[in-house]
Amino acid sequence: MSEEECALGDFSESLKWWKACIAAHKEAGMLYIVTPWLDLPKTVKDLDTECRYLDAIGKLCREAGLQYGYHNHAHEFEKVEGKVVMLDYMLAHTNPDYVFFEMDVYWTVIGNASPVDYFKKYPGRFTALHIKDHREIGQSGMVGFDAIFAHTDTAGVRHIFVEVEEVSGNLEDGLTQSIRYLQKAPFVKATYTK
């Protein structure tokens, strides 16, 4: 959505692009579309417009048989106009029927927030998780994976994705080490595809 559309609260031009995007995803056999980034808005009014925009995209996705979500980074835990935390506002002002959230647990921790606190505050809103650490999963000790996995039912998690931000050696070894850590972890449910 352009700045002009945001200012006017009319995103009909952007939705034309989204209709083509959704059709292409549907044709390719995709089931999900996830927006990975929104800038921190300058005003709560702009944030509210962004939420209405996400709902409009999510409604189009739902009508096409797709699910639409939003993936966080660390800046969503900052306050807009010193009043509201961006992610809290998004969770409270988007329709769960149209927008799910894919929590990146690493970026949540970097944003000085607790994934588990968010699961409890907004139960059922986190359909997917990006399981990630500073390097290979489980190496830093800064992300409480055992607590996160103990609360996935509360969160509403149906899908988990392993992602690495950086690796100690090469990417393939880093991914393999991360996946093996999760396969051996007693707190990861057997119902997740390992």
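In these legends, buried means under 20% relative accessible area, exposed means over 50%, and partly exposed lies in between (1.4 Å probe, protein chains only). The model is predicted, so local features need pLDDT of at least 70 and side-chain atom pairs count only at pLDDT 80 or more, while totals for chains, interfaces and linings use all residues. Residues are numbered from 1 along each chain as its sequence is written, and side-chain values use heavy atoms, with hydrogens and water left out.

**View 1. R135 and E166 meet in a salt bridge.** A salt bridge here is a side-chain nitrogen of Lys or Arg within 4 Å of a carboxyl oxygen of Asp or Glu. The closest N and O atoms of R135 and E166 are 3.0 Å apart. R135 sits in the loop between β6 (126–131) and α7 (145–150), and E166 in the loop between β7 (159–162) and α9 (171–184), so the pair ties together parts 31 residues apart in sequence. Helices (H or I, at least four residues) and strands (E, at least two) are DSSP runs, numbered from the N terminus. R135 is partly exposed at 31% relative accessible area, and E166 is partly exposed too, at 36%.

**View 2. K132 and D104 pair up in a salt bridge.** Here N and O are 2.6 Å apart. K132 belongs to the loop between β6 and α7, D104 to strand β5 (residues 100–104), and 28 residues separate them. Are these two residues buried or exposed? K132 is buried, with a relative accessible area of 1%, and D104 is buried at 0%. Look around them for a network of salt bridges that links D104, K132, E163 and E165.

**View 3. K121 reaches D88 across two helices.** Their closest N and O atoms are 2.9 Å apart. K121 is in helix α6 (residues 115–121) and D88 in helix α4 (residues 86–93). K121 is exposed at 53%, whereas D88 is buried at 12%.

**View 4. W18 is one of the residues touching the most other members of the largest nonpolar core.** Such a core is a set of buried Ala, Val, Leu, Ile, Met, Phe, Trp, Tyr and Cys residues joined through side-chain atoms within 4.5 Å. Not counting residues up to four places away in sequence, W18 touches I33, T35, Y53, I57 and Y68, where contact means heavy atoms within 4.5 Å.
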